[in-house]
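Subject: A structure for you to explore

Hi,

Here is the structure I promised to hand over. Please open it next to this email and follow along as you read.

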Amino acid sequence: MKLSTELTTLLDMIESPQASSADFANLRLPESMQALATLREDQEMFVGMDTEDKDPRRSLKPVQVPIPEPRAGEAVVAVMASGINFNTVWSAIFEPLSTHQFLAQYAQSHPRGRLHQQDYHILGSDAAGVVVRVGEGVTRWKPGDRVTVNPSVFGLIDPAGHDDPLVDPDARAWGFETNFGGLAQFCLVQESQLMAKPEHMSWEESASLALVSGTAYRMLVSRNGARMKQGDNVLIWGGSGGMGAVGIQYVLNGGGRPVAVVSGPEKAALVRELGCEMVIDRSRLRGGFIKDNGELNMRQLVAFRGAAERLLSGEEIDIVYEHTGRETFSASVFVARRGGKVVTCGSTTGYQHVYDNRYLWMHVKSIIGSHGANFREAYEANRLACLGKIHPTVSQSYPLEQAAEAVAVVKENRHVGKLGVLCLAQAEGLGIRDPQMRERIGEQRFQLFRRHHARVNGVQAAPLRVAA
């Protein structure tokens, strides 16, 4: 990608420890930016098609659009890197509804939302970069600050949200229910979304954590989630994916006992390298939990629960960490112990769940809905990343121009960990300012998922340039 003079100067300043806040504030920005977006005119393009036939590479389009101006309480961030989450898959295939409808609702409900209703929707709920502009009244951050972005947006006008902001009727997922997300050269955020970048991580590693780590913290640790305690047995679906791998880390850090579910021996080996000793390989089980006629496959449910309890030497599952949805939810409800908890944050295999409710009410189990993280939960999750207690799981990175391919890979579950997107960063491995901390943790810890991807796909993992 050929860079403009303005972007070349900006990247030189970001690389330079001597660049001051005033330098960034006075820097001339380009008049427009590159971004990846869906177009409002395309939102009917997949009508009548089955989900598996909807190709996000058809709907995600490169656009050249103006850089938004920050208003009161807002900031513009030069996005060095972003990442792919499953909400971008939903947006790209316009399921369960077009996210352009979210933008229209935002515009109707709040004057601040009018800017977000455009003919394009810039997606992406991950970002790490540098603040380049701040709006009136922004006090905690200034141009030149190196940041990562909490993807939760709150209005906090209604008192309902002041105990837990996720209950706020004006709560939104940034880059999903708002415009100007992270899959662009610049993004627009509220000041309250900004968090300090973990400086022992590269740009793409930093960008990969905020959404999944904040979500996992709320699900497992927070009083708003399952409140995991030491010794709890926690079933982790999709243990080698972005949500699963960070969930395993929280369980291990908190003294719990993770039981990871993966599909295939290579993924089983990967989560064992992550420190999870108890693994169920679903590829060894015959059939799914739901029969072709829609009925539950009780034989399979009983076999699955038996596999988990054998690993636990006869103990039961206290908490189920759910994000996969339709294909697994019946097993989640079934396998949790009497009085156990199923905490769910998503439905990557489908959002209409089928389960036998007798196993819920008669065994006094509970289902806890969870969606992202509030300010405090996101801060605590980011603090753990900065302390070197939670690690990134990036397996591959794509340039912004090829990010639609990354979305297709996530949709088809052909990945492990998280997929990074290099927006303004010109290579992987840039942005590290605390190599000593990285060395103390061990470089192999940051390369675990990259090495797995290289080994399975028969490619050579490119060495990262670690810049002090």
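D42 is buried, with a relative accessible area of 13%; here buried means under 20% relative accessible area, exposed means over 50%, and partly exposed is in between, using a 1.4 Å probe and protein chains only. Before you read on, please note that this is a predicted model, in which local features need pLDDT of at least 70 and side-chain atom pairs count only at pLDDT 80 or more, while totals for chains, interfaces and linings use all residues. Residues are numbered from 1 along each chain as its sequence is written, and side-chain values use heavy atoms, with hydrogens and water left out.

Salt bridges

Which residue does D42 meet in a salt bridge? The partner is K61, at 2.6 Å from N to O. A salt bridge here is a side-chain nitrogen of Lys or Arg within 4 Å of a carboxyl oxygen of Asp or Glu. D42 sits in the loop between strand 1 (32–39) and helix 3 (56–59), while K61 belongs to strand 2 (residues 61–66), so the pair links distant parts of the chain, 19 residues apart. Helices (H or I, at least four residues) and strands (E, at least two) are DSSP runs, numbered from the N terminus. K61 is partly exposed, at 24% relative accessibility.

Next, look at R257 and E315, whose closest N and O atoms are 3.0 Å apart in a salt bridge. Because R257 lies in strand 12 (residues 257–262) and E315 in the loop between helix 10 (298–311) and strand 14 (317–322), this pair ties together parts that are 58 residues apart in sequence. R257 is partly exposed at 28%, and E315 is partly exposed at 40%.

Salt bridges also link E204, E205, E428, R438, E443 and R450 in a network. The count for the model comes to 32 salt bridges.

A pocket

How much space lies in the second largest pocket? About 450 Å³. A pocket is found on a 1 Å grid over the protein atoms alone, as an open set of points where a 1.4 Å probe fits, with protein on both sides within 12 Å along at least five of seven lines; lining residues have an atom within 4 Å of a point. This pocket has 19 lining residues, and R140, W141, E191, S192 and L194 lie nearest its centre. Strand 10 (194–196) and helix 13 (375–386) are the elements that give two or more residues to the lining. Helix 13 provides the largest share, seven residues.

Enjoy exploring!

Best wishes

Definitions and conventions:
Points joined across faces, edges and corners; volume = space filled by probe spheres on them.
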